[in-house]
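I opened the notebook to look up a few places in this structure. My notes follow in the order I took them.

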Amino acid sequence: MLHAFYKWASNRVDPFAKNHMEWEGKTHLQQLWSLLFIFPKHTLVLLLVVLVETILTVSLLSFVGFLIDQLEASGPELFWQQNMWLIAGAAIAFLLAKPLFSIAYEVLISLTLHVNILTATRVTFFDRLLKQDMTFFQKEFAGNLASKTFVGGREVAEMFWAGIGVVVPNVFFAGSLLIALSWLHWYLGVVMLLWIGLFAVLAYVRVPIIRDASKSASDIAHAVNGSVVDVYSNIQTVKLFQGNERANGQFTDQLRGFRVAMIQFRTTVVTSRMLVAVIGACGLATFTGLSLVLWYQQAITTGEVAIVLGFAIRLESKLLEIFAQLTGLFRSYGSFKSTARTMEHSLGLVDDSDAKDFQFNKGLIEFKNVNFAYGQQTAIVKDLNFTLHPGEKVGIVGHSGAGKSTVVNLLLRMYDVEGGAINIDHQNLRNVTQESLRSEIGLVTQDTSLFHRSIFDNISLGSDEATMEEVRAAARRAHALEFIEALVDNKGRRGFEAFVGERGIKLSGGQRQRIALARVFLKNPPILILDEATSALDTKLDADIQEILNDVMKDKTTLAIAHRLTTVARMDRLIVMDKGQITETGTHAELLGKGGLYAELWHNQFYGVKTAETELTPTAAQ
Ligand SMILES: Nc1ncnc2c1ncn2[C@@H]1O[C@H](COP(=O)(O)OP(=O)(O)OP(=O)(O)O)[C@@H](O)[C@H]1O
């Protein structure tokens, strides 16, 4: 029953609902506000509950004073007679209403709001980052982004708890006390106002200091976290080039900086808390003295002295609580701002509002005067013009750095061209949605990254409906079935159920590439891009897979990049690139006949580069 109630309460809002949060052109406070009030109706109900609960608490404290006065005035004989109904009414109010509102507060804040704001914020952050283009991800540490998504979400949820759950109720409380005390005697109201004012000044002066110290510590923490993830994800390079000792030294240096920043932050907090304690004690002493003086002058009754002291003691602890929460709030806010700066980074590549879904027709690909420089000065691709006819298989070759992968990235619209246009089936890539475009293109790259998921999930990535039979068939076609069936992971899961390690480290390069091929076989897209698709395979396997690829490519427009020229030699046509431009084009035989760059590359691949040739030829060496 209770369990069902909790479930009901936590399902009052949907944290996974699409939230169109605007990041650009907003201040950090506005961004935070949108997240704190992501569920506005329930938050308003919470505030209402808090208000009623505060009024009940203040009434309870006042009732104590009233009781004392009545006890004094009536004496034991008449007290019950005169106050029976009042006491019964108060008992009902305090025994029923107060616990009821306290429970409503707990359920609303913990189950309905906090956990769902935490989830919804993370969903919002993740969604935002996914929309960023490749340039963004090349500049940012993956670990840093992961940390911002998670820690940023936690900070927002904590600010909600501290701000709306604690500071706001305590401000309500202080406001109610101010009204109640002023009503008792205006002197008390003035002292109360001074006390709160002094506290506000202290908060005004100290909180920015704490906030800045917190921001430095949080920035350093994010950076340290990012480089630790960097070390772990490049562990092989670290072990080979940097060595444990140096990596350790680098980490310790960074942690030292973080420790200093943390100590500075803690120092500002401790000093502030000391000041708050002093102001609290002074206020308490003033109220005690003033209420006794007023009682002596018969301006207030004995019961009212009890009320004043009760108020003052409660208020002192509330002020301490507010300050503690404010420091936490501003620390979280400092960290949130760092997250917000990442989130508000403008999206480099956004689908037009009127972008249509890409409609595949025959697979005619046209590059028209394409220019691109990764947003920099030096052009990487210059005035590129070529056409891939439907079903045509074209290979791109050229020296390393010629711009071959850049062409592929542009075709996949990982970047927008900076000049000219790319059309597929007469649709400019700029005018179609990115997802619909990519769903029609299959890519196998030299850098096959696998997710730390099962082999089945890795192959069926993007093909949610795929059955085990289809996945097996794709794996068989990619010559991957044999090794997949022999796999056992460290939790004893076998075959297609086995998990590959992060980035697929438990598999060899060739095995990873075969998984990637199986992925494309399963997806069976009408356009195929092979970027060094078989580079990690040995010559025998390369030949086998090549045969399968030839079969798969049959009715698809295909663009292939390969350094191993035998892989692309049999393509319908070859495009030779040099320094971002097309220098030659033709079939393998035509290009060999021309004796240009392709012929040179081919020659070098089979007979070695000139220097080696000269060194190895006895006559030349003499
Ligand atoms: N994200 C990037 N930002 C800036 N410059 C880049 C980026 N990616 C690649 N480049 C530059 O663009 C040029 C072409 O790179 P690209 O990867 O397209 O060449 P490639 O012909 O595919 O080389 P390889 O055969 O070695 O893979 C290189 O000078 C490279 O430094």
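Is H426 buried or exposed? I looked it up in what is a predicted model. H426 is exposed, with a relative accessible area of 64%. That value is over the 50% cut-off, so the label "exposed" applies. I found H426 in the loop between β4 (419–424) and β5 (427–428). I also checked its backbone. Phi of H426 is near 65°, a positive value in a residue other than glycine. I noted the background here: most residues other than glycine have a negative phi.

**Entry: Y374**

I turned to Y374, where phi is near 50°. This too is a positive value in a residue other than glycine. Y374 sits in the loop between β1 (365–372) and β2 (381–388). Its relative accessible area is 28%, so I logged Y374 as partly exposed.

**Entry: the ligand**

One polar side-chain atom of Y374 lies 3.3 Å from a ligand nitrogen atom. I then looked at S400, where a polar side-chain atom lies 2.5 Å from an oxygen atom of the ligand. At G403 a backbone atom takes part: a polar one is 3.0 Å from a ligand oxygen atom. How much of the ligand does the protein bury? Taken alone, the ligand exposes 630 Å², and the protein buries 66% of that.

Next I listed the surroundings. I recorded 14 residues around the ligand, and the closest are Q138, S400, G401, S405 and T406. I sorted the shell by type: four residues are nonpolar, nine polar and one charged. Which element gives the most to this shell? Helix α9 (residues 404–411) does, with three residues.

**Entry: W23**

I moved on to W23, in the loop between α1 (2–10) and α2 (28–36). W23 is buried, because its relative accessible area is 2% and the cut-off for buried is under 20%. What does W23 touch? Leaving out residues up to four places away in sequence, I found Q31, L35, T124, F125, R128, A340, M343 and E344. W23 and T342 are 319 residues apart along the chain, yet 10.0 Å apart in space, C-alpha to C-alpha.

**Entry: Q132**

T342 came up again at Q132. Beyond four places in sequence, Q132 touches F137, T342, M343, H345, S346, L347 and G348. Q132 lies in the loop between α3 (40–130) and α4 (134–139). At 6% relative accessibility, Q132 counts as buried.

**Entry: nonpolar cores**

Last, I looked at the cores. In soluble globular proteins, nonpolar side chains tend to be buried together. How many residues does the largest nonpolar core have? It has 70, and those with the most contacts inside it are L46, F287 and F336. The elements that give two or more residues to this core are α2, α3, α5 (142–184), α6 (186–233), α7 (235–296) and α8 (302–343). The largest share, 15 residues, comes from α8.

Outside four places in sequence, F336 touches H28, Q31, L32, L35, F125, V156 and M159. I logged a second, separate core of 49 residues, with L487, A516, L522 and V576 among them.

Key
Residues are numbered from 1 along each chain as its sequence is written. This is a predicted model: local features need pLDDT of at least 70, side-chain atom pairs count only at pLDDT 80 or more; totals for chains, interfaces and linings use all residues. Side-chain values use heavy atoms; hydrogens and water are left out. A residue is near a molecule or strand if one of its heavy atoms lies within 4 Å of it. A polar contact is a pair of N or O atoms within 3.5 Å; within protein, one must be able to donate a hydrogen and the other to accept it, and residues adjacent in sequence count only if both atoms are side-chain atoms. Accessible areas come from the Shrake-Rupley method with a 1.4 Å probe; for residues, only the protein chains shown count as cover. Helices (H or I, at least four residues) and strands (E, at least two) are DSSP runs, numbered from the N terminus. Ala, Val, Leu, Ile, Met, Phe, Trp, Tyr, Cys and Pro count as nonpolar, Asp, Glu, Lys and Arg as charged, and the others, Gly among them, as polar. Buried means under 20% relative accessible area, exposed over 50%, partly exposed in between (1.4 Å probe, protein chains only). Contact means heavy atoms within 4.5 Å. A nonpolar core is a set of buried Ala, Val, Leu, Ile, Met, Phe, Trp, Tyr and Cys residues joined through side-chain atoms within 4.5 Å.
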